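The sequence and the structure come next.

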Amino acid sequence: MPLPKHVFNPPFNVVRSSHVVLGVTDLARSLAFYEETLGLRVEDKTADAVYLRAVEERQHHSLVLKKTSKPSCECLCFKVASEEDLDKAAAFFAAKGLRNAFVEVPHQGRTLRVVDPFGMPVEFYFQMEKRERLLQLYSHYKGVHAQRLDHFNVFAPELQDAIDFYALLGFRMTEYTEEDGANGRIIAAWMHRKGNVHDLAFTNGKGPRLHHLAYWVPSPINIIHICDVMASSGYLTNMERGPGRHGISNAFFLYVRDPDGHRTEFYASDYQTMDPDHEPLRWSVRDPRRQTLWGQPAPRSWFEEGSVFGDQPVREALFKADVIIAA
Ligand SMILES: [Fe+2]
């Protein structure tokens, strides 16, 4: 299937994936997980929302937990390069006939809320309240030592269309998985704005749904350590997949599920991708090393379970890929 050409001058300038808003059913239970166990820092708290960040981040939050009756993802949020880019983004979505509105969001400047053509709620903003840099205040390092939010991965039922749309916005493909044969379809794609493997990845599947968010951590040792912590603090079954090394992205990884089922990845040691002539890497869907370089396949839950976006209905994927699933 056709790979999208990189758009070097997109209609507006997305800088990077920034933060995510998750609906959780029990804030105290979620805080025990994200703050006390994983070690994210609580920056602000209200009766029905908690704002957290990781040690490198100078922005107010990269994860917002909101009390909701059902688990869901409220939106994926991206930083743009200027206030003008927000107006350009609004014009772009309006011209496409897509829902868009400026909304009030605590701790942020002007925020544009849109719904993409596939039903995924997305926010763009330029300014957020700033906080003290903790990168070299090592006493603040807790849990997995999460350093910064790195990316989102979403289930896309119309995978090729999703890739093509985000390519229009300047997202650049770095790696992809494809069926073999002359008419092989792309079944997953990794696309970036910031210059590493991805800000946003797409996985063929029932959606739109959030597959996972990911925090970058300094080293595989941090991931081994959080495995020991989770295994000995009541979170054994919250470890869904890993630790291991991905073939795709080369990152060392662990996937964990929070008490509501939302999935987070811890992710270390991928590579840079900003060269103008950087070519996407292809992986066969039947290559066992693509998921985990050492060959272990992902469990069925990894291919089937995800977080819905609010009340957005989900659709079955246009096709089912012959992925390798753990027995
Ligand atoms: Fe990931």
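Along the chain of this predicted model, the donors of the iron ion are spaced as H-x60-H-x52-E. Histidine 151 sits in strand β9 (residues 148–156) and glutamate 265 in strand β16 (residues 263–268), so the pair ties together parts that are 114 residues apart in sequence.

**Iron site**
- The iron ion has three named protein donors, His151 (NE2), His212 (NE2) and Glu265 (OE), at 2.0 to 2.1 Å.
- Histidine 151 is buried, at a relative accessible area of 0%.
- Glutamate 265 is also buried, and its relative accessible area is 1%.

**Helix α1 and its ends**
- Helix α1 spans residues 27–37, and its buried residues are Leu27, Ser30, Leu31, Ala32, Phe33, Tyr34 and Thr37.
- The N-terminal end of α1 is capped by aspartate 26, with a side-chain oxygen 3.2 Å from the backbone nitrogen of alanine 28.

**Nonpolar cores**
- The largest nonpolar core holds 69 residues, of which Val20, Leu22, Leu76, Phe124, Phe202 and Phe266 touch the most other members.
- Helix α3 (residues 159–168) supplies the largest share of this core, 6 residues.
- Beyond its neighbours within four places in sequence, phenylalanine 266 contacts Leu38, Val144, Tyr215, Val217, Ile223, Ile226, Phe252, Phe253, Leu254 and Val256.
- Another core, of 20 residues, lies apart from the largest one and includes Trp216, Tyr255, Trp302 and Phe319.
- In soluble globular proteins, nonpolar side chains tend to be buried together.

Terms used
Residues are numbered from 1 along each chain as its sequence is written. This is a predicted model: local features need pLDDT of at least 70, side-chain atom pairs count only at pLDDT 80 or more; totals for chains, interfaces and linings use all residues. Side-chain values use heavy atoms; hydrogens and water are left out. Donors are N, O and S atoms within 2.8 Å of the metal (3.2 Å for Na, K and Ca); water is not among the atoms, so sites may look incomplete. Helices (H or I, at least four residues) and strands (E, at least two) are DSSP runs, numbered from the N terminus. Buried means under 20% relative accessible area, exposed over 50%, partly exposed in between (1.4 Å probe, protein chains only). A polar contact is a pair of N or O atoms within 3.5 Å; within protein, one must be able to donate a hydrogen and the other to accept it, and residues adjacent in sequence count only if both atoms are side-chain atoms. A nonpolar core is a set of buried Ala, Val, Leu, Ile, Met, Phe, Trp, Tyr and Cys residues joined through side-chain atoms within 4.5 Å. Contact means heavy atoms within 4.5 Å.
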